[in-house]
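Here's a quick tour of the charged pairs and the greasy middle of a protein chain. Have the model open while you read.

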Amino acid sequence: MRIAGANWMQIERYLARDDRAVVPLGSTEQHAYLSLATDSILAERVAVEAAEPLGVAVFPPVCYGITPSFSAFPGTVSLRVETLIAIVRDLLDGLVQQGFGRVVLVNGHGGNAPVQGFTHEWMAGHAGAQVKFHNWWNAPQVWKKVQEIDPVASHASWMENFPWTRIEGVEAPDVGKLPVDYAGSLHLGPRAIRERIGDGNFAGRYARSDDDMRALWQVALEETRAVIRDGWAP
């Protein structure tokens, strides 16, 4: 259930029967030939579709994340670490105040990793509240499926190339890209990183068949749904 499609009275009734909430976390950054909003699009979509059969409330995504190393690519906007953590803190504080006691942060961007550690700190000061941090894109079952389809998969490669992250009128190259040393370039700064990684794909094919992508998406939905549904403390 999208919060954007509900009014406050409906959410008041929802809270009388359920205290779960899902908040997608994304980023606005280069993804080669794909949308700059890829991480946000995917985090929100997997959250909404996974939560829908459960009737769990899904809030609008946080569409900006921590991505300073891509800042030489036009359109990339990065938050400071402390800024994103402050945003998540305020969101969690507000949700708990409203009566949401169980929250899943569905994360679509690797750079947002500092938030996971923060959630443990936050929970230590909020007895009874529960927060899960779920990297949908490299969760165990999703990553297993990625490896089954094509083990050469990376940022801005085929594994993020879904119909809903493509740009109309833009064709991805029908080739595989040799790996670039992104990790080994981090100390050089944004401009050197851009020069080294070129279009932004780290390694692998730019696209695979829609059948492959549907199969991967189904695994992502099932795994994310299980996180939302299962494993909460009594």
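Predicted model: local features only at pLDDT ≥ 70, side-chain atom pairs only at ≥ 80, totals over all residues.

Residues are numbered from 1 along each chain as its sequence is written, and side-chain values use heavy atoms, with hydrogens and water left out.

**Salt bridges**

Side chains of opposite charge can pair when their charged atoms come close. The structure holds 14 salt bridges, a salt bridge being a side-chain nitrogen of Lys or Arg within 4 Å of a carboxyl oxygen of Asp or Glu. Here are three of them, with the N to O distance.

| Pair | Closest N and O atoms |
|---|---|
| Arg 205 and Asp 174 | 2.5 Å |
| Asp 199 and Lys 177 | 2.9 Å |

Take Arg 205 and Asp 174, which form a salt bridge. This pair links distant parts of the chain, 31 residues apart: Arg 205 lies in strand E6 (residues 204-205), and Asp 174 lies in the loop between helix H5 (140-149) and strand E5 (176-177). Helices (H or I, at least four residues) and strands (E, at least two) are DSSP runs, numbered from the N terminus. Asp 174 is exposed at 67% relative accessibility, while Arg 205 is partly exposed at 26%. For these words, buried means under 20% relative accessible area, exposed over 50%, and partly exposed in between (1.4 Å probe, protein chains only).

Asp 199 and Lys 177 make another salt bridge. Again the pair links distant parts of the chain, with Asp 199 in the loop between helix H6 (190-197) and E6, and Lys 177 in strand E5, 22 residues apart.

Arg 229 is partly exposed at 41%, and Asp 230 is partly exposed at 35%. Elsewhere, salt bridges that share partners join Asp 18, Asp 19, Arg 20 and Arg 102 into one network.

**Nonpolar cores**

A nonpolar core is a set of buried Ala, Val, Leu, Ile, Met, Phe, Trp, Tyr and Cys residues joined through side-chain atoms within 4.5 Å. The largest one has 52 residues, and those with the most contacts inside it include Leu 25, Trp 136 and Trp 158. Helix H7 (residues 210-229) gives the most to this core, with 8 residues. A second, separate core of 6 residues includes Tyr 182 and Phe 202.
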